[in-house]
Amino acid sequence: MKYDFVVSLPVHEQPRVILDQTNNMLKYLGKKTMIVLHLSKSFNFKNLPEHDYSFLLHDNIAINFNKLPTERGNLVHVHNSNFNFAKNNFEFSYFMFHSSNDMYVRHGANEYIKKVKNAIHQQPTSIRLTWPQYVLALGDNDLKKIMQYLNIDKIFGTQAEGIFFEKEVFQEMVNVIDRFYKFGNYQFYCREEIYYPTIISKFTKDVFTPIVYSEVCRNKITKEIILGIASGTYCEDENEHNAAGEYKMYDFNNVYAVKRINRKYNDKLRKLIRTLN
């Protein structure tokens, strides 16, 4: 079977929440989706109730047992590892990033992904000169080698949640990143928010915005925001967040998921999302 989508999902240690999230993804993305889990090193199968293992038996879930460190700033190598695992085991068309605390609330993402093919922020870091990821990126010698190799002179930023790529485009990025980036070199920072947006333009020119609304970039997730996005009516004035008019973070006609939802099964927002059609 050829899958439309492979979702790269680093997860923590709560099996019930993992199953809740993967069920949510399959509900909205469809059965031609394969979710590749990367389990954190803290994930321990010992002493779990038997029913908590059910996510391991799901036909649309695979586990990359190459358990790599997943501290903050250590996710470029995790997503690349999940991609290589998927490439060696499945046929698929698109590769997507999600985090363990985002969830879908609206249908239509699958059609949108097939239409636009690649989505990631390419936010000029000149807008946010004090952004910690940018400051740390300036001292990243592996990034400097990548940029020199590709003849790139500007660093760009993105959120990681809800970005997606054609398989072939992501393969080209992985080839370059894995050639120069050595995990453990230098200070940890969120390289996944820097590497991919900085080099994407060398592999495709048509790039759209991510499909996850993140409270890290905007407002704290509330019931009202969830219901607004679910109904397709939620919108914000981009000028409130970007007075210079230089960059558009979201296309609210094509936002389908939200971050951050607490990793607690009975969290009130998680319960609300389970009731959505």
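Author: What follows is a short talk through some helices, the cores and one cysteine. This is a predicted model, in which local features need pLDDT of at least 70 and side-chain atom pairs count only at pLDDT 80 or more, while totals for chains, interfaces and linings use all residues. Residues are numbered from 1 along each chain as its sequence is written, and side-chain values use heavy atoms, with hydrogens and water left out.

Reader: OK, what should α6 span, end to end?

Author: Helix α6 covers residues 167-180, and at 1.5 Å a residue its 14 residues should span 20 Å, which agrees with end C-alpha atoms 20 Å apart. The expected span is 1.5 Å times one less than the number of residues, and helices (H or I, at least four residues) and strands (E, at least two) are DSSP runs numbered from the N terminus.

Reader: And which residues of α6 are buried?

Author: They are Lys167, Val169, Phe170, Gln171, Met173, Val174, Val176, Ile177 and Phe180, where buried means under 20% relative accessible area, exposed over 50% and partly exposed in between (1.4 Å probe, protein chains only).

Reader: What do those buried residues pack against?

Author: The buried residues of α6 pack against α2 (76-89), β4 (91-97), α5 (141-150), β8 (164-166) and α7 (195-199).

Reader: How do α5 and α6 sit relative to each other, at what angle?

Author: They pack at an angle of about 130 degrees with their axes 9 Å apart, the axes being lines fitted to C-alpha atoms, for helices over the stretch in contact, and the angles running from 0 to 180 degrees between N-to-C directions. The two helices α5 and α6 are therefore oblique to each other, since angles under 35 degrees count as roughly parallel, over 145 as roughly antiparallel, 65 to 115 as roughly perpendicular and the rest as oblique.

Reader: Switching to the core, which members of the largest one touch the most others?

Author: Of its 48 residues, Leu37, Met96, Tyr104, Ile211, Tyr213 and Ile226 touch the most other members. A nonpolar core is a set of buried Ala, Val, Leu, Ile, Met, Phe, Trp, Tyr and Cys residues joined through side-chain atoms within 4.5 Å. Apart from this core lies another, of 40 residues, among them Val6, Ala86, Leu143 and Ile177.

Reader: Last one: is Cys235 buried or exposed?

Author: Cys235 is exposed, with a relative accessible area of 55%, and is found in the loop between α8 (223-231) and α9 (238-241).

Conventions: Contact = heavy atoms within 4.5 Å.
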